[in-house]
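Biologist: Could you take me through this one slowly? I am still learning how to read such things.

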Amino acid sequence: MVNTQAAHPNIILWMVDQLSAKWLELALKNNICPLPNFQRLQQEGVRFSNTITSNPVCCPARSTIATGLTSRGHGVLENGYGLSPALPTFMKQLQKAGYKTSAFGKLHFVPHAAGFDVDYHAYGFDVAHITEDSRGGEWLDWVKQAYPEYYEAALCTIWADYLPAFHSYGPEQQDLGARIRALQKDWDWGQREHPENSFRAYTLPFPKEVSQTEWITEQALAFLAQHHIQQPFFAQISYVQPHNPYCAPAEYLDLVDEAHIPPPVAAEWHTDPHTPAYFKRQQEFHLPNDAYGRKCYFADLVHLDEQLGKLRNFLQQTGLEQSTYLLFTSDHGDLLGDHGFYFKEERHYDACIRVPLVLCGPDFTPGVVCDELAQLEDIYPTILDLAGAQPAPLPFFGPYLKLSSADTGITHGTSLVPLCQGVPMSLRQAAYVESYNAIWSFEYTDWARTIRTKRYRYTYYAGNSGEQLFDLICDPDEQNNLAADPSFQSIKQQLKDELLEQIIRQDWPKTPQNLYFLGMH
């Protein structure tokens, strides 16, 4: 571990949802939209340009960030699984080190169907103000109280009206789901000013100050203003946007230069004889207006950039910049029309699995771009390293294993602090990604396993139902599948061997789920 300047610095994990590294890079490079605060963060911090999510879907990725474990370690294989609060998290370790821990916005450690009254204190948060994709709960109740004139508009933005908690909502046990469906039936998404609006991509039907995005920021800043002088703090500030449905405040759409948005990468798999069977079952997916959907996505980035600016200004005005480390990332990407697909899941193209990661702090080398292969499981040991804390040990291993508790503080990641401080080191030769069938699928052949090096991406689909091999240097848009190319068989075999090794390593050393005692007959 590398010690930082302050014994107990403040730490902020600032997250957005479903943002690809690709789209942020293109937005900045092509001047698609003004993102001065994202730009500034990269100039003042260390950007890890090859950060890969090990499971490109919300619940598993966020569970990995919290525990430092991969999917089979923490057991959250897909959305629909819940993270056990019995597992060690970095938040619990920070509490033991004297931190006040807090969360604002989206956590998604449990399925949406579990309801809106989740005890997030059990995961290690002292303070939690949560609003998720489903929009029910604290934010929605706040809209009803603070902005009653926009309550019905807020209800119309709810896509998950089928959730059980909406059928008996609040103290009155109201069937809010029925009310949502009735309102949406007659709701005019287009409106006079934005006829391109649809339920999948639209301008918010209320002012930006009513949005989940601004509510999350205000909750976080109120906490920081109250607690920053009392004890060191950790704050996870996590936004629902730009997750679909793509919905930005109307005033930001005019700031997006559509002419600078590149067209979607072609769906090359239509003519590929080795196309995964999963792709053929999915077919292409399009929004009612693809160009407008992409525009709404980038408009949301402008709104999020503004929130980042509010946070950075607060840190500067309160003098906290020199005692606070800021980590920025996303849980997974969004294909956004590339290859004929949207969203994430089992399509392990670059826009799906590569996410932004920037670390900014008082003793970090500014303006550095690190191309080491990082993964989201590196965030857990990085945060503990910054705090001078240790990973939680696994349960007692028994008399046959001569291990101390210090030997069993296992994570699947590596602290990024040395690299941020200019200490050269190698993280890994290859990143690993896995997908199980999505919550709407029962197909074993949807399962995908990927190995990604700095040059190649190889993906195998279960049941021998397809494979992909791309040379990311010669073919960055992943248009030429080399899986059957005779001249690449040796390379493919090397990658398959490494993939097998990575698959085995997912279960090392022992899954901590329900582990109580090892080494006894």
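**Contacts and overall form**

Modeller: Of the contacts (heavy atoms within 4.5 Å) in the chain with a separation of 6 or more, 75% are between residues 24 or more positions apart. This is a predicted model, in which local features need pLDDT of at least 70 and side-chain atom pairs count only at pLDDT 80 or more, while totals for chains, interfaces and linings use all residues. Residues are numbered from 1 along each chain as its sequence is written, and side-chain values use heavy atoms, with hydrogens and water left out.

Biologist: What share of the 521 residues counts as buried?

Modeller: Buried residues, meaning those under 20% relative accessible area with a 1.4 Å probe and protein chains only, make up 61% of the 521 in the chain.

Biologist: New topic: how many disulfides are there?

Modeller: A disulfide is a pair of cysteine sulfur atoms within 2.5 Å, and by this rule the count is zero. Cys58 is in no disulfide, since the nearest cysteine sulfur, which belongs to Cys59, is 6.7 Å away.

Biologist: And is Cys58 buried or exposed?

Modeller: Cys58 is buried, its relative accessible area being 1%, and Cys59 also counts as buried, at 0% relative accessibility.

Biologist: Where does Thr459 sit?

Modeller: Thr459 lies in strand β14, which covers residues 456-461; strands here are DSSP runs of E with at least two residues, numbered from the N terminus. Thr459 is buried, with a relative accessible area of 0%.

Biologist: Which residues does Thr459 touch?

Modeller: Leaving out residues up to four places away in sequence, Thr459 touches His348, Ala448, Arg449, Thr450, Gly466, Glu467 and Gln468.

Key: Buried means under 20% relative accessible area, exposed over 50%, partly exposed in between (1.4 Å probe, protein chains only). Helices (H or I, at least four residues) and strands (E, at least two) are DSSP runs, numbered from the N terminus.
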